[in-house]
Amino acid sequence: MASATSTRKMREEATCSICLNLMSSPMSIACGHSYCHCCIVNFIKRFGQWQPLQGLPCPQCRIPFHMDSLRPNKQLGNLIEAIREQEQELSCEEHGEKLHLFCEDEGQLICWRCERTAQHHGHSTALLEDVCQGYKEKLQEAATKLRQLDQECVNLKVSTAQQITRWKEKVQIQRQKIQSDFKNLQSFLREEEKSHLWRLEKEEEDALRVLRDREASLGQKSQELQSHIQDLERKCQGSAQNLLQDVKGTLNRSLAVRLETPDPLSLELHSACEVSELYLDVRKLLKQFRADVTLDPETAHRELILSEDHRQVTRGYPQENLPALARRFTASPCVLGCDGFVSGKHYFEVDVGEGTGWDVGVCAETVPRDAGMKLEPQCGFWAIRLLCKKNRYTALTAPPTPLPLSERPLVVGVFLDCEAGLVAFYSMPAGTHIFSFPRAVFSGALRPYFQVYPYSPLFLPPADA
């Protein structure tokens with residue numbers, strides 16, 4: 001305890017009376033007291049302007065001193081460093097003694113008084129100096145193993161970085177290939193377009209040349225007929241002598257005039273080009289992603305009647321015996337397909353027939369089924385609609401987008417690309433594109449979505465149809 005007391009006294013002597021901490025860069029003044037360099041300088045700056053001649057009183061003994069009396073106290077500085085080093089040594093919290101022993105059983109530092117307590121009775125203890133080297137070697141061995149693991153980690157990181165580089169290169173090569181293939185296809189299509197347009201223009205020129213020649217020939221024939229008509233009219237209007245003079249020759253020449261009817265010219269174009277049949281069989285392309293969609297009765301509104309095979313749905317009277325399910329639509333006469341699509345490309349067809357109204361598309365699994373549902377992409381719906389009364393097609397965007405269709409689709413094809421965020425609609429079997437929603441980011445599963453109107457049943461053909 002004497003050592004602890006002496007240490008405490010030395011600390012008191014080395015404590016700055018201004019900041020009450022161990023002095024930092026101690027400076028002595030004329031009276032012999034010392035303070036931190038920054039503390040005494042700040043003291044002088046604060047109060048020096050009030051007593052510039054008499055000097056400032058020492059914060060402890062009040063004896064005046066001047067700025068030029070400040071001197072570094074190196075001995076006190078060395079003592080403070082020694083105190084700091086000594087305080088860094090651990091001491092027993094219970095007994096205040098130095099921890100110079102190590103208990104092997106407990107794996108902790110203890111003092112000589114701890115060794116004599118019942119807690120450590122019979123334990124194997126040793127001086128710190130005796131066990132330090134052994135544990136140092138163990139720590140170094142552990143550090144060596146960790147360095148090996150760190151090197152393995154670094155190697156794996158380098159390998160992963162190389163894989164990232166190779167993957168990016170692979171993707172870039174594929175990207176360039178796709179771009180090149182489409183560029184070549186576009187170039188090919190442009191050349192084919194030019195070729196077909198040239199054939200069409202050539203056919204136009206040939207037909208127009210024949211028609212114009214025929215037009216010119218008929219013009220000449222008309223002039224010849226007009227001349228004969230004028231000769232006959234003059235004879236009829238003249239005297240009897242003029243009328244009868246060479247009358248038989250005039251009649252023979254008039255009767256000998258003939259009008260040759262030109263051969264009929266077909267107005268059917270021989271240069272017609274069905275681009276979708278020649279270069280892009282959309283139906284064949286989409287059919288490889290055909291999904292066998294059936295209707296989920298647990299989602300069907302009470303007014304909807306499903307066939308036994310769950311491929312046809314009709315609007316009817318409300319069914320009261322259906323169980324109340326959270327998945328069932330309650331506000332609108334809607335129904336979903338059984339299976340959800342999470343990834344990949346999928347395509348299904350809906351036979352809308354001659355129905356006067358329908359909604360067809362896909363929706364998120366989590367869309368509301370009650371009165372709060374909004375049919376727009378922001379709320380999880382991607383669909384197109386035929387309005388019953390107005391006989392008008394629209395895409396259910398926000399706001400709705402009118403779809404000016406030249407022909408009434410009897411079968412609507414729905415194509416979904418989950419990764420690309422694409423929902424597109426086609427009029428089948430022609431494969432005519434109807435509408436594509438702007439690219440979206442899908443979260444969770446998407447399911448086929450249908451809304452059924454009165455007298456407008458919907459039918460889902462089998463995938464192999």
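Predicted model: local features only at pLDDT ≥ 70, side-chain atom pairs only at ≥ 80, totals over all residues.
Trainee: Which residues does UniProt list as coiled-coil region?
Mentor: The UniProt entry, which is unreviewed, lists 132-159 and 215-242.

Trainee: What does the chain do over residues 132-159?
Mentor: That span is 100% helix and 0% strand. Its end C-alpha atoms are 40 Å apart.

Trainee: And how far apart are the end C-alpha atoms of residues 215-242?
Mentor: They lie 36 Å apart. Residues 215-242 are 93% helix, with 0% strand.

Trainee: Switching to strands. In which sense do strand 9 and strand 10 pair?
Mentor: Antiparallel, over three bridges. Strand 9 covers residues 304-306 and strand 10 covers 312-315. Leu306 stands opposite Val313 of strand 10.

Trainee: How many residues sit between the strands in that hairpin?
Mentor: Five. One to look at there is His310, which takes a positive phi near 60 degrees.

Trainee: What joins strand 10 to strand 21?
Mentor: Two bridges, with the strands running antiparallel. Strand 21 is residues 458-459. Gln312 has Phe459 of strand 21 as its bridge partner.

Trainee: Now Arg290. Where is it?
Mentor: In the loop between helix 9, residues 282-287, and strand 9.

Trainee: Is Arg290 buried or exposed, and why?
Mentor: Buried, because its relative accessible area is 13%, and the cut-off for buried is under 20%.

Trainee: What does the Arg290 side chain reach?
Mentor: The backbone oxygen of Pro462, at 3.2 Å.

Trainee: Tyr455 next. Where is that one?
Mentor: Tyr455 is in the loop between strand 20, residues 446-452, and strand 21. Tyr455 is not a glycine, yet it has a positive phi of about 60 degrees.

Trainee: Buried or exposed, for Tyr455?
Mentor: Exposed, because its relative accessible area is 80% and exposed means over 50%.

Trainee: What about Ser25's phi?
Mentor: Positive, about 50 degrees, and Ser25 is not a glycine either. Ser25 lies in the loop between helix 1 (2-13) and strand 1 (26-28).

Trainee: Last topic, omega. What kind of peptide bond joins Ala398 and Pro399?
Mentor: A cis one, with omega about -5 degrees. Pro399 sits in the loop between strand 15 (393-395) and strand 16 (401-402).

Trainee: And what is omega between Met428 and Pro429?
Mentor: About 5 degrees, in a cis peptide bond. Pro429 is in the loop between strand 18 (422-428) and strand 19 (432-436).

Conventions
Residues numbered from 1 in each chain as written. Heavy atoms only, no water. UniProt positions renumbered as here; feature names shortened; annotations may be inferred. Helix = DSSP H or I, 4+ residues; strand = E, 2+ residues; numbered from the N terminus. Pairing = 2+ DSSP bridges. Buried < 20%, exposed > 50% of the residue type's maximum accessible area, 1.4 Å probe, protein only. Polar contact = N/O pair within 3.5 Å; in protein donor to acceptor, adjacent residues only side chain to side chain.
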